[in-house]
Amino acid sequence: MRELQSPLRRLAAPLGVAAGLAAAVAYVGAVDPGRPGRYPACPLLHWTGLYCPGCGGLRGLHALAHGDLAGALGANALAVAAYAAFAGFWAVWCARALRDGRGMRVALRPWAWWALGGLVLAFTVIRNLPFGAPLVPGSL
C-alpha cells in the first residue's frame, strides 16, 4: 500500500525542475545572448551558414525574460512555442503530482512524434530558404 505523501513532497520534482529552469532563465535574462562572445556559436551556422531549428532560441528566451513576446517570436518562433508547450506539460505534471503523486508521463503515439519531427524539419528548411527570411533570427 502506498504511503500518503504531503502535497509539498509530491511537488518536489516539478518544483525542482521549475527552480532549475528559473535559474537558467534568470541567467539568460541577465547575460544577453545577442552580444558576441557571451555564448558559444551554433556549430551548424558557423560551419555551414545554415540555421538550425534552435538558432535564436536563447535570444528568444532573453526577450521573453524581458517581456518582449514580439522579439522572442522574431528570434525563434518554434522555440517560443516549445517554451509554451513545456509550461503546459509542467502544469499538468503539477496537477497529477498533487492528485495522485505520480510523475509526468509523455506517451505520444508514433504519428505524433513523426508530426513533431516533420514540423521541426519544415521549420528548419523554410527558415533557410529565401522566402523564409521572416523566420531567421534578426540579430545574427
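**Helix 4 against helix 5.** I looked up how these two helices are set and found that helix 4 and helix 5 are roughly perpendicular to each other (angles of 65 to 115 degrees count as such). The model is predicted; local features need pLDDT of at least 70, side-chain atom pairs count only at pLDDT 80 or more, and totals for chains, interfaces and linings use all residues. Residues are numbered from 1 along each chain as its sequence is written, and side-chain values use heavy atoms, without hydrogens and water.

I noted that the axes of helix 4 (residues 57–65) and helix 5 (residues 69–100) cross at roughly 110° and come within 7 Å. Axes are lines fitted to C-alpha atoms, over the stretch in contact, with angles from 0 to 180 degrees between N-to-C directions. Helices are DSSP runs (H or I, at least four residues), numbered from the N terminus.

**Contacts.** I then listed the residues that meet (heavy atoms within 4.5 Å): among them are Leu 58, Leu 61 and Leu 64 in helix 4, and Ala 72, Ala 75 and Tyr 83 in helix 5.

**Burial.** I checked helix 4 and found Gly 57, Arg 59, Gly 60, Leu 61, His 62 and Ala 63 buried (under 20% relative accessible area, 1.4 Å probe, protein chains only). Their cover includes helix 2 (12–30) and helix 5. After helix 4 comes Gly 67, with a positive phi near 75°.

**Cysteines.** I searched for disulfides (cysteine sulfur atoms within 2.5 Å) and found 0. The sulfur of Cys 52 has its closest cysteine sulfur in Cys 55, at 3.6 Å, too far for a bond. Cys 52 counts as buried at 18% relative accessibility, and Cys 94 counts as buried at 12%.

Technical notes
Parallel < 35°, antiparallel > 145°, perpendicular 65-115°, else oblique. Buried < 20%, exposed > 50% of the residue type's maximum accessible area, 1.4 Å probe, protein only.
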